[in-house]
Amino acid sequence: MSDFFRPATLAEALEIRANHAAVPLAGGTDLLVRYRNWAGTLPKIEKPVVSVGHLSELRGISVHQNGAAPDLSIGAGVTYGELLAHPQVPELLKNSIWWLAAPGLRNVATLAGNLCNASPAADAVCALYALDATVDIAGAGGTRRVPVEEFITGPGRTVLRTDELVTAIHLRPDEGGVVFYQKVGTRKANALSKLSICARASVHAGVLESVGIAVGAVAPTIVRSRDIEATLIGRPVSDIAAHAAEVVSRYEPLVRPISDQRSTAEYRKATALGLIGRFLMERLTG
Ligand SMILES: Cc1cc2nc3c(=O)[nH]c(=O)nc-3n(C[C@H](O)[C@H](O)[C@H](O)COP(=O)(O)OP(=O)(O)OC[C@H]3O[C@@H](n4cnc5c(N)ncnc54)[C@H](O)[C@@H]3O)c2cc1C
């Protein structure tokens, strides 16, 4: 059996992480499945485990002013249920959570766990890409903040060192605008995505001011292209439908799915490109 630590403070958790290279446990809905054992027996985790989801330093959701911009800080121990109940959590993130697993799981599982698991099919992480999220990391060497696109380096891989923990995720509070979320899965609940799309935009006086389009489960990491988005910003939205096919074709080399037990590469690619087109032609200009 592995050692299990339940620290009282974040400082203690970081010390345990540094001294024992302990695996962090939040809701356990990825970790305990990854190390599942024979039916009726406990999960078999070779390394020590450190529980972090209960730590008071990681439990809050708060809004602060960061210079001119408001900043929504989501502690790494916050569950999906708590995010759904908060009025300033962006609608796009909430939409991704409504379709994630089922209520029982949403009451224990965390956004930070979805992020640290670094699956290209992670539904809520797809929203974090579209929403320009940043991630706070604490460790023996101090703290740092990195954009979500730099935090995840590959399937199941992140920049986290063995002595570090994610402490919070930052976003802009809900700012209205256009949002588009589609999850393609086998069932409505408890189904991992075949693919998903999270997109948001703000439009002022008929002109596209900002846009974020992220697609999950179609490449080794979630796909977002700021270069393609830059070609759209500043255009009248009434022009976008006419150029949508050309814009979609630019995503073609970035959408490189695989076939697996959930779907085929061909289906994923055609559906992902079709949904990007639907966002541009129907949701954005409609
Ligand atoms: C039945 C079922 C259905 C599911 N459906 C979906 C779905 O529809 N969509 C989807 O995206 N996912 C789904 N999942 C996967 C899972 O529920 C989510 O990824 C969830 O967000 C994981 O959060 P957690 O708190 O349980 O993480 P945990 O399992 O506790 O941890 C996940 C990983 O993150 C690490 N970790 C956790 N917290 C920290 C921290 N603060 N700092 C550093 N590392 C940390 C852990 O060490 C582990 O590697 C499903 C799982 C199950 C069992």
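Colleague: What share of the 286 residues of the protein counts as buried?
Modeller: This is a predicted model, where local features need pLDDT of at least 70, side-chain atom pairs count only at pLDDT 80 or more, and totals for chains, interfaces and linings use all residues. Residues are numbered from 1 along each chain as its sequence is written, and side-chain values use heavy atoms, without hydrogens and water. Buried means under 20% relative accessible area (1.4 Å probe, protein chains only). By that cut-off, the buried share of the 286 residues is 48%.

Colleague: What radius of gyration does the protein have, and why does it agree with a compact globule?
Modeller: The radius is taken over C-alpha atoms, and the globule rule is 2.2 Å times the number of residues to the power 0.38. For 286 residues that rule gives a value near 19 Å, so the protein agrees with it at 19 Å.

Colleague: Is Ser193 buried or exposed?
Modeller: Ser193 sits in the loop between strand E11 (178–184) and strand E12 (195–204). Strands here are DSSP runs of at least two residues, numbered from the N terminus. Its relative accessible area is 1%, so Ser193 is buried.

Colleague: Which side chain forms a polar contact of 2.5 Å with Ser193?
Modeller: Contact means heavy atoms within 4.5 Å. Leaving out residues up to four places away in sequence, Ser193 touches several residues, including Lys183, Ala217 and Arg262. A polar contact needs a pair of N or O atoms within 3.5 Å, one able to donate a hydrogen and the other to accept it. At 2.5 Å, the partner side chain is that of Asp123.

Note on methods:
Buried < 20%, exposed > 50% of the residue type's maximum accessible area, 1.4 Å probe, protein only. Helix = DSSP H or I, 4+ residues; strand = E, 2+ residues; numbered from the N terminus.
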